[in-house]
Amino acid sequence: MAEERKTDKNREIDIKTGAKEERNCPSFGTVQDYCAVLKNSMTAERWLHSLGVAETAKKMAEFWGADPEKAWLAGIFHDYARELPYRQLMEIAQENGLDILDEERDNPVVLHAPVGAFLVKKDFSITDGEILSAISKHTVGGECLTLLDKIIFLADMVEPSRNWPGVDKLRAKVYQDLDQTMAEAIEGTIEYLQEKGCKVHPVTLKAWHQIKERETNRE
Ligand SMILES: [Fe+2]
Ligand SMILES: [Fe+2]
């Protein structure tokens, strides 16, 4: 079914199954092996989202000079822990010495990022620090983000199945000015949370202050 397959010059993805031509992953197994496990661990909707993030991240990496393979892997794995019950996210974080802030106790869903990175390392033997960092920081951001961290953070917000007000504007900007787009994405997130009366994660606030400081120093 031609319309269900996306092709680029190196490989093909079946959008329904995630099946890709055979190639080896950094640690073990093939992308096909990983995709089969991942697909079974999440809803069809989230799987489509994960494929969207992977493909968007790969294109952004090619554009901005990051490693496209790492970007694709970080994208496909980024929500591995997203569908775990909150109680389980808390337990995994506690049992494995991951920091849990008060804001995360109040809103455990954000833990799916660091817990996801932990589980991707444990379950798939992926040890690449850049991939794990990008997975770990994709919800709340962080200070001193790497190029890959920024790519995954933004790809998560703008991948093709995302449909929130303002997404088209941000989608166009990710190929114009990555730092400026990060600033706008973080600002938008803060405004959205404040409008809903939710607490803003302190790491997101720190990232925002850091961006503002840089802007002031540039002026
Ligand atoms: Fe996520
Ligand atoms: Fe996501």
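## The end of helix 6

Helix 6 is followed by Ser 125, a residue with a positive phi near 55°. This description concerns a predicted model.

## Buried face of helix 6

Several residues of helix 6 are buried: His 112, Ala 113, Pro 114, Val 115, Gly 116, Ala 117, Phe 118, Val 120 and Phe 124. The partners against which the buried residues of helix 6 pack are helix 1 (31-40), helix 3 (68-77), helix 4 and helix 7 (129-136).

## Packing of helix 4 on helix 6

One of these partners, helix 4 (residues 86-95), packs with helix 6 (residues 112-124) at an angle of about 60°, and the two axes are 10 Å apart. The crossing of the two helices is left-handed.

From helix 4, the contact is made by Leu 89, Ile 92 and Ala 93; from helix 6, His 112, Pro 114, Val 115 and Phe 118 take part.

## The nonpolar core

The largest nonpolar core has 48 residues, and those with the most contacts inside it are Ala 57, Ala 71, Ala 74, Ile 151 and Leu 154. Helix 8 (residues 147-158) gives the most to this core, contributing eight residues.

Ala 71 illustrates the contacts of a core residue. Apart from neighbours within four places in sequence, Ala 71 is in contact with Ala 57, Lys 58, Met 60, Ala 61, Ala 66, Leu 148 and Ile 151.

Definitions and conventions
Residues numbered from 1 in each chain as written. Chains lettered and ligands numbered in written order. Predicted model: local features only at pLDDT ≥ 70, side-chain atom pairs only at ≥ 80, totals over all residues. Core = buried A, V, L, I, M, F, W, Y, C linked by C-beta atoms within 7 Å. Buried ≥ 20, exposed ≤ 12 C-beta atoms within 10 Å, placed from the backbone. Helix = DSSP H or I, 4+ residues; strand = E, 2+ residues; numbered from the N terminus. Contact = placed C-beta atoms within 7 Å. Axes fitted to C-alpha atoms, helices over the stretch in contact; angles between N-to-C directions. Left-handed = near helix turned anticlockwise from the far one by under 90°.
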